[in-house]
Amino acid sequence: MLFLFILLVSLARAKSDSNCASPRGSVATLIDNLQSSSWSPKLASSCFETEKEAIREELAIQLKQTLDSKGYRIDYDNYSEDPKYVDEKTSLSTVFIDPRLPDIEIVKIGDRWLIPIRAHTPIREAYKKTFSSGVSQFVNQLPPIFREVILFNIQIWQICYLLLLLLFAWILGRVVDRIIIHQISLLAKRFKLTFAADRLSLIRTPLTWMSFGLVLIYGSPNLRFSINLSQALLSFSKILVTLSFIVLLSRLLEGITSMWSSKAAKTESKIDDQLIPLVKRAFQILIWALGIIFLLQNLGVEVTALLAFGSVSGVAIALASQDTVENLFGSFVVFIDQPFQIGDWVVIDGSIEGVVEEVGFRSTRIRAFTNSLISVPNSKITKCTVNNYGRREFRRLKTTLGLRYDTPVEKIEAYLEALRNSLQENPNVKKDAIFIYFNSLSSSSLDILVYTFLDVPDWRAELAEKEAIFLRFVRMAQDLGIGFAFPTQTIELETQGSEPSLPLG
């Protein structure tokens with residue numbers, strides 16, 4: 001009984017294996033009967049429209065090997081089980097084996113779904129494009145020992161070919177690296193551009209790996225691996241090529257923006273210093289976004305559905321991250337309105353003080369005078385007061401010189417005249433805004449007000465100019481024999497038998 005049951009199951013399976021009554025049955029007949037565990041070219045070719053059995057078997061094997069080597073996995077759920085199936089778009093009883101092979105189809109002929117004679121030529125052409133005839137002839141001439149299976153149904157010749165392919169890929173990567181680096185150097189000399197050696201070295205690695213991956217993509221089909229191994233190797237190669245290309249573009253962008261930054265540093269305007277980092281970040285985000293979309297598309301992911309989901313979920317994310325959106329728009333406002341530039345000394349909201357280092361998409365970084373780094377959200381900057389000391393046309397100098405009370409009037413007048421002449425002769429002082437006057441009688445000094453404006457580019461130059469001016473003030477006082485006052489008190493003790501007297505100060 002058990003033997004009879006096994007025989008009946010085998011017969012039923014053999015009958016189903018040669019089923020060409022539906023699109024799914026024809027595809028399953030081709031694929032299932034060309035597996036390593038169930039190798040039957042005769043059954044696999046039973047759904048081909050031709051009378052010669054040898055031709056049918058050859059075409060079936062070529063089609064299956066082409067699908068496997070290209071990593072085109074067949075999903076039976078994509079094919080109808082209805083014997084009367086009609087394509088809604090074309091209104092024809094036609095099904096493609098795979099959309100990436102548009103000339104190879106299954107059509108209904110009579111009551112059977114067959115691969116027609118007109119598809120035979122595309123099958124042979126796809127086979128020739130996938131596999132190298134030279135490699136096939138070389139493999140056929142190898143001794144039988146090279147066709148022995150070692151592990152995971154991989155033959156010895158396949159391992160040897162893979163090692164040679166990897167060696168060739170590495171050599172080609174090094175050659176491409178040398179050629180492209182040499183061409184970049186020639187272009188730099190021709191257009192009188194300067195590239196730092198470290199910048200050129202950054203693009204060597206992605207160039208090598210990209211060449212490595214391209215060799216694997218175009219050379220791996222000749223390995224004739226199974227569908228699983230072919231898919232794994234092709235997916236790895238595509239990921240390697242795409243990521244290497246993204247990194248290459250990103251590093252080239254860094255080199256170009258670095259060159260622009262060095263040129264922008266030599267210009268008087270600071271707008272370019274602020275614009276270049278923003279452009280760099282925007283293009284880096286664009287490069288990575290497009291690169292990842294391209295990679296997912298090559299790996300078979302439905303990018304259209306993913307983008308549609310992203311557009312719907314993006315609304316929810318935007319609502320949940322209003323602060324981020326406000327900061328993003330704040331960065332555009334900061335760039336357009338330009339309340340400050342990189343290098344300006346600013347006071348924001350009356351409490352945040354320092355020098356602007358970087359303007360980003362989310363925040364502006366300010367280096368405080370305590371050397372700490374303050375990140376201010378751009379949305380806050382658009383809503384509060386910004387006091388930009390870096391935009392001052394002139395920098396104010398205001399001080400008070402306190403002279404001793406015993407200084408003669410003649411010397412005070414001479415000192416005032418010397419102070420005015422000193423500032424008039426200074427090229428960094430605004431000539432129409434010099435105010436030097438004997439201004440106050442303080443409790444312990446005769447005060448002279450010095451009020452003017454300095455024409456200097458930055459805070460460091462302002463400090464240096466103030467130092468030089470004050471040193472000249474001190475030297476002039478010493479030349480005139482004038483001393484500077486400091487807070488003092490005079491205490492007079494009353495002696496016995498004498499009349500009391502008032503204190504002098």
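Is Arg365 buried, exposed or partly exposed, and what is its relative accessible area? Select Arg365 and look. Arg365 is partly exposed, with a relative accessible area of 25%. Buried would mean under 20%, and exposed would mean over 50%. Before moving on, keep in mind that this is a predicted model.

**Stop 1**

Glu358 is partly exposed, at 23% relative accessible area.

Side chains of opposite charge can pair when their charged atoms come close. Now select Arg367 and Glu357. Their side chains also meet in a salt bridge, at 2.8 Å from N to O. Arg367 lies in strand β10 (residues 363-367) and Glu357 in strand β9 (residues 352-359), so this pair ties together parts that are 10 residues apart in sequence. Check the surface here. Arg367 is partly exposed at 26%. Glu357 is partly exposed too, at 38%.

How many salt bridges does a search of the whole structure find? The count is 10.

**Stop 2**

Strands of a sheet pair through backbone hydrogen bonds, either parallel or antiparallel. Zoom in on β8 (residues 345-348) and β12. This pair is antiparallel and is held over three bridges. Pick Val346 and find its bridge partner in β12: that partner is Asn388.

Now follow the loop between β10 and β11 and stop at Asn371. Asn371 has a positive phi of about 75°, although it is not a glycine. With 57% relative accessibility, Asn371 counts as exposed.

**Stop 3**

Move to the loop between α9 (204-219) and α10 (227-264), and select Arg224. Phi of Arg224 is near 55°, again a positive value in a residue other than glycine. Arg224 counts as partly exposed, with 24% relative accessibility.

**Stop 3: helix α16**

Select residues 459-480. This is helix α16, with 22 residues. From its first C-alpha to its last it reaches 32 Å, close to the 32 Å expected at 1.5 Å a residue.

Which residues of α16 are buried? Colour Glu462, Glu465, Ile469, Phe473, Met476 and Ala477. Then look down the helix axis.

What covers the buried residues of α16? The cover includes β13 (395-403), α15 (409-425) and β15 (446-454). Show those three and see how they sit against the coloured residues.

Two more picks belong here. Select Arg395, Glu462 and Lys466: they are linked in a network of salt bridges. One of them, Glu462, is among the buried residues you coloured in α16. Then step just past the end of the helix to Gly481, which takes a positive phi of about 70°.

**Stop 5**

Finish with residues 120-130, helix α5. Colour its buried residues: His120, Pro122, Ile123, Ala126, Tyr127 and Thr130. They cover an arc of only 165° around the axis, which puts them on the same side of α5.

Which helix do the buried residues of α5 pack against? Select 53-69 and you have the partner, α4.

While α4 is on screen, pick Lys64 and Asp68. Their side chains meet in a salt bridge of 2.5 Å, N to O. The two are four residues apart in helix α4, which means they are separated by about one helical turn. Are they buried or exposed? Lys64 is buried, and so is Asp68.

Terms used: Residues numbered from 1 in each chain as written. Predicted model: local features only at pLDDT ≥ 70, side-chain atom pairs only at ≥ 80, totals over all residues. Heavy atoms only, no water. Buried < 20%, exposed > 50% of the residue type's maximum accessible area, 1.4 Å probe, protein only. Arc of directions from axis to C-beta. Contact = heavy atoms within 4.5 Å. Expected span 1.5 Å × (residues − 1). Salt bridge = Lys/Arg side-chain N within 4 Å of Asp/Glu carboxyl O. Pairing = 2+ DSSP bridges.
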